[in-house]
Amino acid sequence: MEGQPRRNRINRDGLDVMISESTAAAHSPVEAGQISGPAALADFWDISPAQRRKVLLEAILEGHARHYQHNRAYRDTVSARGVGPSASIAELPRLLRPTAQTFKSYIDLLGTPFPQDKPEAFLAWAADQISIELPRQRFQQFRQRYASLEALLQDFERIYADYGLEVSTSSGTSGRSTIMIRDQDSIQRTVESFYLSFQRYLGRLADHRAIFIMPGDTRIAMARMVGFSVKRVGIPPERTHFTIPFPAYPDQVRVRAGRTFRSGWRGYVERRWMNPFMNWMNEKYVTPRATHLTVELLERSEAEGERVLLFGGLAQLHDVALHFQRSGRALRLAPGSLLGTGGGFKELYAYTPEQILTDLEAAIQIVDGQPVPFRDVYGMAEGNWAAMQCSQGNYHIPPWIYAAVLDEDDRLQETPDSTGLLAFFDPFGGGSLFPAFFKSADRVRLVNGTCLEHPDYACPCGESGAYIVQGTIRRVDLLDEAGCAAQV
């Protein structure tokens, strides 16, 4: 049909897979210098679980070999575990690095959580984390010290602009930033991963007005990916709104969190003046202003009969619900509207999630009086993917992710219904800059993991593949070790 991408059939090791030609051109792992396999992430929904498992396992081992050769930090880690350049399937658990530590490891190397104090040592750490060779002679173009982490990261992006590198961070309340470097290929793959999951589990959103209770100017990984993905979905800029009126740079997040301060007089100023002032500003101006702008946009959409995607932290969404409660009315939005959240709580809050959801159902409704559907998103700064909550409340892991849980001895469990620490391998959507093989700090109940699909364990929503059961995600390390989109 004219205007539709042609679809070719490829055969790889006996696996017959349909490939979209137009998508293959844009996302071919071979063309990007990566491992071979299905060229479009969306094609993973079209192949059988057995085929998917075979392709993913081969890709993981091929990816290991390439990153072992080019990524010093990864090679040092897995070599210390006895893994060489060629790994076996039995060695998969040894390829996993901890999300809570991998991209915070600069702290141990530098002896400080402030890379701006030791730029050259930080740059050496950063160069070791990625699977390309950065010209180290450019280190001389950096200053000896920087006033802020943001200033250092901006210089890094500028001096290596020809590599197309961008730096994102977590938003953990410890103030000890997870720092990840991505290139344009990695970013585009992450955007595609988010986009496909949005489309499959949340529906087509191109005709919605998108309202995000987030800062538009930030390095926080989740906020950046949401913004990029909305563009990919097709929502135009004039219908996309970020309602937090201030930027959220790493140092601002750190100081406001009140957990990690500089030494000496700078730390004294941060602790005694900046932290109280920022929290006062957040309570008295930032949150009220964001709530006011969000309500204004919602009421405009209500009047014009527009579909709305409203996304924010639970506490932020609750502020909006309380506004309508105080006004004595419920907002009535067009059918197809959607509420979304991600990250849970990172601060003390007077209401439970159940209370918040009850208030949202009463305050934000469809025109027929039914509550606007609500979906949570599970993800992490180190991941290039997100698990969207379905209508049954479960979190569906994209099929291009090889997901498993680990038992107490760090062995992959392959029973159809297992509980343990979530581990994931992302050899296709993860891009080529670092191996996206991670052991998370989340204890979950995972169904149909490792692509060993059992129909009797399928989600009641009808979607196949691996999913995390609603209500089973439990952080097992310190709360401040993980990123969260709700903390800005």
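This report walks through the fold, the helix packing and a few individual residues of the structure above.

The model is predicted, so local features are described only at pLDDT of at least 70 and side-chain atom pairs only at pLDDT 80 or more, while totals for chains, interfaces and linings use all residues. Residues are numbered from 1 along each chain as its sequence is written, and side-chain values use heavy atoms, with hydrogens and water left out.

## Overall picture

The protein has twelve helices and 20 strands. Helices (H or I, at least four residues) and strands (E, at least two) are DSSP runs, numbered from the N terminus. Of the 488 residues, 57% count as buried. Here buried means under 20% relative accessible area, exposed means over 50%, and partly exposed lies in between, with a 1.4 Å probe and protein chains only. Contact means heavy atoms within 4.5 Å. Among contacts with a separation of 6 or more, 69% are made by residues 24 or more positions apart.

Helix H5 (residues 119-129) has eight of its eleven residues buried, so it is largely enclosed by the rest of the structure. Those buried residues are Pro119, Phe122, Leu123, Trp125, Ala126, Ala127, Asp128 and Gln129. Their cover includes helix H3 (72-80), strand E3 (97-98), helix H4 (106-110), helix H6 (149-159) and strand E5 (179-182).

Helix H6 is also largely enclosed by the rest of the structure, because eight of its eleven residues are buried. In H6 the buried residues are Leu149, Glu150, Leu152, Leu153, Asp155, Phe156, Glu157 and Ile159. They pack against H5, strand E4 (166-169), E5, helix H8 (221-233) and helix H9 (250-257).

## How helices pack in pairs

Two packed helices are described by the angle between their axes and the distance between the axes. Axes are lines fitted to C-alpha atoms, for helices over the stretch in contact, and angles run from 0 to 180 degrees between N-to-C directions. Angles under 35 degrees count as roughly parallel, over 145 as roughly antiparallel, 65 to 115 as roughly perpendicular and the rest as oblique.

| Helix pair | Crossing angle | Axis distance |
|---|---|---|
| H2 (49-70) and H3 | about 110° | 6 Å |
| H7 (184-202) and H8 | roughly 70° | within 8 Å |
| H11 (314-327) and H12 (353-363) | roughly 45° | within 9 Å |

H2 is roughly perpendicular to H3. On the H2 side the contact uses His64, His67, Tyr68, Gln69 and His70, which meet Arg72, Tyr74, Arg75, Val78 and Ser79 in H3. By class, this contact has three nonpolar, five polar and two charged residues. In this sorting Ala, Val, Leu, Ile, Met, Phe, Trp, Tyr, Cys and Pro count as nonpolar, Asp, Glu, Lys and Arg as charged, and the others, Gly among them, as polar.

H7 is roughly perpendicular to H8, and the crossing of H7 and H8 is right-handed. A crossing is left-handed if the near helix is turned anticlockwise from the far one by less than a right angle, and right-handed if clockwise. From H7 come Ile187, Thr190, Val191, Glu192, Phe194, Tyr195 and Gln199, and from H8 come Met222, Met225, Phe228, Ser229, Arg232 and Val233. The residues of the contact of H7 with H8 divide into eight nonpolar, three polar and two charged.

H11 is oblique to H12, and the crossing of H11 and H12 is left-handed. Leu314, Leu317, His318, Ala321, Leu322, Phe324 and Gln325 in H11 touch Pro353, Ile356, Asp359, Leu360 and Ala363 in H12. The contact of H11 with H12 has nine nonpolar, two polar and one charged residues.

## Residues to look up

Asparagine 448 lies in the loop between strand E18 (437-447) and strand E19 (467-468). Its phi is near 60°, a positive value in a residue other than glycine, and asparagine 448 counts as buried at 3% relative accessibility. Threonine 450 is in the loop between E18 and E19 as well. For threonine 450, phi is near 55°, again positive in a residue other than glycine, and the relative accessibility of 2% counts as buried.

Alanine 42 sits in the loop between helix H1 (21-27) and H2. At 31% relative accessibility, alanine 42 is partly exposed. Alanine 42 and serine 197 are 155 residues apart in sequence and 9.4 Å apart in space, C-alpha to C-alpha.

## Cysteines

A disulfide is a pair of cysteine sulfur atoms within 2.5 Å, and by this rule the count comes to zero. Cysteine 390 is in no disulfide, and the nearest cysteine sulfur, that of cysteine 459, is 3.7 Å away. Cysteine 390 is buried, with a relative accessible area of 6%, and cysteine 451 is buried at 11%.
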